[in-house]
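Let's take a walk through this structure together. Keep the 3D view open and follow along.

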Amino acid sequence: MIEELAFIGQIAVKSSIAVLLATLGEIIAERSGVLNLGVEGMMLTGALAGAAVGVATGNPVAATVAAALAGGLLALVHGFFSISLRVNQVLSGLALTILGLGLTSFLGRPLIGTRPGVRLAPWPIPGLAEIPLIGDIFFRQSVLAYLAYILVPLCWVLLYRTRTGLKIRAAGEDAAAVDAAGINVFRLRYLCTLAGGLGAGLAGAYLSLAYTPGWKESMTGGQGWVAIAMVIFAGWNPLKAVIGAFLFGGLTALQFYFQAIGIELIPAYILRMLPYVLTIAVMVLVNTGGGRRRGASPAALGVAFNREG
Amino acid sequence: MTSSPPAVLELSGITKHFGDITANRAIDWSLNAGRIYALLGENGAGKSTLMSILAGRYQPDAGTIRRQGRTVRFQSPAQALAAGIGMVYQRFMLVAPLSVAENIRLHGAAGRSRSDRQGASIRELAVRYGLAVDPDALVQDLSMGERQRVEILKLLNRRADILIFDEPTAVLTHTEIAGLFEVFQRLRDEGKTIVFITHKLEEVMAVADEIAVMRRGRMVARLAAADVRSQHDLARLMVGREIILNVDKPPAAPGETVLAVSGLSGPAGSSRPGFEEIAFEVRRGEILAIIGVAGNGQEDLAAGLAGLTPLKTGRLTFKGRRWRAPQWGRKPHEGIAYIPADRDRTASVGAIDLVENFMLTQLAVFSRALRLDRRRAAAATAAAVERFAIRGGGLKAPAGNLSGGNLQKLVLARELARHPDLLLAEQPTQGLDVRATEAVWQALLHQRAASAVLLITGDLKEALSLADRIAVIFRGRILDTIAARDSAAIDRIKLLMAGLETG
Ligand SMILES: Nc1ncnc2c1ncn2[C@@H]1O[C@H](COP(=O)(O)OP(=O)(O)OP(=O)(O)O)[C@@H](O)[C@H]1O
Ligand SMILES: [Mg+2]
């Protein structure tokens, strides 16, 4: 029983890391006022870049960095359109996702079926991994999962305990006031958008290097969209993002578990839908329950800044 | 000026165009340390534009700015601030959900200083200049006067020594204005330079050392306040003729009661206190003013009467028909015209042109079958532009480009064109220059002949000039209603407004 629990828990955490990384990045971007619906596209691009550099070099660090940079590069495209050109952010983000989908499916063809060049295998942390249950669940994961663990409190401290965080939060509430304070809103938003892209790229790396090593077309399977939903669920708070991500991971793990033990109570395709359907359900509940969360939304989210306008 | 110390700031030939409009035309001006400058001019004269150029928000198309003799070019507010020039805008630049301390820190965050000169030094600044405000309070919970103090603290914390204020008194109460002027004087005595824009001539006489007047983009006069003998002189400089804001008010000839309310309270479904037990009646042919210091419930009352927010309890009788409070706001009432205080968002749509804005509240009038009759609307708008001397980029220009005063005149003209039974005018002259104020006052008095007018204002002079009866609102209740003819009433109204006397 304990063993099964440890197993399900481990899979749950394992299945939540990509969403968590992408959510953290998107939180930073949205806090500064930039809505980027291109997470899915950036994640896919990151996954492909990671897999490709992995095959080419066999170097895990190079593969991970390449993935993050690929996501970041795409985010800068979004930044250029939405911050500099002040194009509608929803449109620009959607275009990014479509671009990512098309580009990766085209460029990724030669990689399909090749042996993955890098596998980030679970790396038990000496000592911590021996803790019963907890150790099995949390500390027999890949390096990128540990990176996510560290990034959660780091993002929180950044947002709530540093001057930069204050600037970011303020830019998301009232860009004109931040500009009047003598802070470069454009640079700030570009950097935050970039951070969002790096997060999504890392999430992609996690998928193609650790979760299911190797490249498969559309391998993100909508996790980018789940991440966008999780940002709202978390009320733009990095600590709460953990809960949302684990919820998604937990549901995914349960689905695997039922499949594995061969219970055919529910058809498999409905099980596979479960994480997404429940994510939507949770969102609806959270947002209808008193409307408190909506108050947490950055007031200037999605609104371009223009000094002379 | 006999002895002239070196200028801390010198403008020469500053010019700024917005499309076809020349907002500033070859402006020369120099500012000295330890002086308070008042900048006057009609609506749309280009005052805000000029100040925004000094503060680095706009870049001039031509001309140079010299700071202590050195030529500077500001690409952003950051650069102006680094050069010691800070501005408090008409619309406060504070992040509402953050605390006072966070806002000040945000401002300091752009600076070079590493150390957190937070707590102690802010308190020290606050004491030194008499700017008391709780550092932990959220900005959204502060009064306008307190927000302004935060704005000043922000600039002082960045060691600004030229402080620019765009119509700082427009949103303040009498006591807050007196407090602000004391702060101005203390800052001046410390050697700082203050520039403030105002439309109130008595404020200029009260606090300014130097006066500059703009008209249609040009700087038309610069003089020492000591050389100005009276407000009449100033008015003549501003608009080219004498305006002393004395409108003739013939005695009222009240007709039938248009609106009567009793036991009114609201707004419904809000935790805000709002207003309670409001009772009054207003008849055709008279102006009833409801006067109060901002934030005493009159904003909620106006929104409730206009049907924008639901009323909680009470009864209303409008044109002989009786309503229970919760039913009142369900659908718009034929015969009520409303001039909201918030002219940028409630009263108009900035992105669409003047004609379309003019049609907004009278679509039925300008439609023929399914089509809008744009030509007739354009003609009506042109007539309004003519009658009220609305200046801006023309009928096809977006309303958002109009200066505050011109936009207000457009809204007023639109609402008068509806031939209302009841005209609800909320702060109709806030931010307007003397000429525009006079035009609005005359229009309201003129409208009195045909309508019942309910004037909601914080401006005592306005209430006294226009109203036949004045009701004073304090903490959501009407304390007393006083006949305006009664000249002994003025002192009593002041006391009532401040809550120092009960009704
Ligand atoms: N961003 C803008 N775009 C286009 N036109 C503008 C803009 N800002 C100002 N204007 C125009 O420039 C002129 C000067 O405007 P400005 O706001 O400086 O006047 P002002 O003297 O401050 O008036 P007020 O007393 O009403 O505030 C006006 O005709 C206005 O319509
Ligand atoms: Mg102005």
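**Around ligand 1**

Start at ligand 1, which has 20 residues around it, the closest being Gly44(B), Lys47(B), Ser48(B), Thr49(B) and Asn401(B); a residue counts as near when one of its heavy atoms lies within 4 Å. You are looking at a predicted model, where local features need pLDDT of at least 70, side-chain atom pairs count only at pLDDT 80 or more, and totals for chains, interfaces and linings use all residues. Residues are numbered from 1 along each chain as its sequence is written, chains are lettered from A and ligands numbered from 1 in the order in which they are written, and side-chain values use heavy atoms, with hydrogens and water left out.

Ligand 1 sits between chains A and B. Which elements of chain B each supply at least two residues of its shell? They are β2 (21–31), α1 (47–54) and α13 (404–416), and α1(B) gives the most, with three residues. (Helices, H or I with at least four residues, and strands, E with at least two, are DSSP runs numbered from the N terminus.) Sorted by class, the shell has six nonpolar, ten polar and four charged residues. Here Ala, Val, Leu, Ile, Met, Phe, Trp, Tyr, Cys and Pro count as nonpolar, Asp, Glu, Lys and Arg as charged, and the others, Gly among them, as polar.

Now zoom in on the oxygen atoms of ligand 1. A polar side-chain atom of Thr49(B) comes to 2.6 Å from one, and a backbone N or O atom of Lys47(B) lies 2.8 Å from an oxygen atom too. For Ser403(B), a polar side-chain atom is 3.2 Å from a ligand oxygen. On its own, ligand 1 would expose 640 Å², and the protein buries 88% of that (areas by the Shrake-Rupley method with a 1.4 Å probe).

Strand β11 (residues 257–266) and strand β14 (residues 313–318) run antiparallel over five bridges, with Ser262(B) opposite Arg315(B). β14(B) also pairs with β15 (residues 321–324), again antiparallel, over four bridges, and there Phe318(B) has Arg321(B) as its bridge partner. β14(B) and β15(B) make a hairpin with two residues between them, and Lys319(B) in the turn has a positive phi of about 50°.

Finally, how confident is the predictor about chain A? Its mean pLDDT (confidence per residue, from 0 to 100) is 90, and 95% of its residues reach 70 or more. Over residues 290–294 of chain A, though, the pLDDT is below 50. Where pLDDT is low, the predicted coordinates should not be read in detail.

Methods. Polar contact = N/O pair within 3.5 Å; in protein donor to acceptor, adjacent residues only side chain to side chain. Contact = heavy atoms within 4.5 Å. Pairing = 2+ DSSP bridges.
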